[in-house]
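Let's take a walk through this structure together, with an eye on how charged side chains pair up. Keep the picture open as you read.

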Amino acid sequence: MAEGVDTPTAILANAAAALREHPFDDISYRTLGDAVGVSERTVYRHFPTRSHLLEGVAGWIESTEFPLPPFVTIAQFRAASRGRFHAFDSSPAFAFVCARAATISPTGEAEPTFLTRALVAMLATNHPSLNERDLQRVAAALRYFASPQFWARMRTGFDMSAPEIADVFDRTCAEVLGDLLIPRETEVGAARRGGG
């Protein structure tokens with residue numbers, strides 16, 4: 001184990017490295033323990049079930065392999081997401097693990113991710129007239145369409161490449177945002193026609 005790296009992080013890093021040669025289900029706790037220099041029991045102590053391990057590996061991969069740059073505007077968010085789709089294409093084994101981890105029940109207390117918090121903050125700042133319910137709806141939609149799950153669905157279901165997926169993502173973003181912004185424009189037009 002590298003000096004300065006804690007045991008859980010070393011286990012996750014080795015599990016991620018093993019994904020380059022083996023499917024997640026073929027990576028054993030004993031192999032991970034041997035690679036890190038700890039017992040199999042120690043691996044179980046940190047990751048009691050394979051769901052814990054999958055969730056941990058996905059989190060490690062998201063933060064180290066697919067970090068999303070900070071964004072404060074929709075344009076920046078869309079550019080960052082398009083970049084991630086290309087990164088997913090470059091490391092599909094990692095991206096599929098992240099997509100799979102998102103489909104299991106959380107093993108701990110579910111907390112908003114960086115992406116969720118950043119989306120909510122961006123929308124609240126740039127669209128202060130959105131009510132809480134619409135803000136959550138838009139954030140949830142944008143969150144999903146920027147995710148590894150969406151990439152995986154487009155990749156396996158439609159054999160799309162990153163540029164093609166990014167195009168679908170861009171069109172979806174426009175639809176999601178347009179549905180909420182058009183009523184405001186209509187209201188302005190109605191007010192003008194009514195002399196208000």
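Arginine 100 is partly exposed, with a relative accessibility of 37%; here buried means under 20% relative accessible area, exposed over 50%, and partly exposed in between, using a 1.4 Å probe and protein chains only. Its partner in a salt bridge is aspartate 25, at 3.0 Å from N to O. A salt bridge is a side-chain nitrogen of Lys or Arg within 4 Å of a carboxyl oxygen of Asp or Glu. The pair links distant parts of the chain, 75 residues apart: arginine 100 sits in helix H6 (residues 92-101), and aspartate 25 in the loop between helix H1 (7-18) and helix H2 (29-36). Helices are DSSP runs of H or I with at least four residues, strands are E runs of at least two, and both are numbered from the N terminus. Aspartate 25 is also partly exposed, at 47%.

This is a predicted model, where local features need pLDDT of at least 70 and side-chain atom pairs count only at pLDDT 80 or more, while totals for chains, interfaces and linings use all residues. Residues are numbered from 1 along each chain as its sequence is written, and side-chain values use heavy atoms, leaving out hydrogens and water.

Now find arginine 78, whose side chain meets that of aspartate 170 in a salt bridge (3.2 Å, N to O). Arginine 78 belongs to helix H5 (residues 74-90) and aspartate 170 to helix H10 (residues 162-193), 92 residues apart. Is aspartate 170 buried or exposed? At 17% relative accessibility, aspartate 170 counts as buried.
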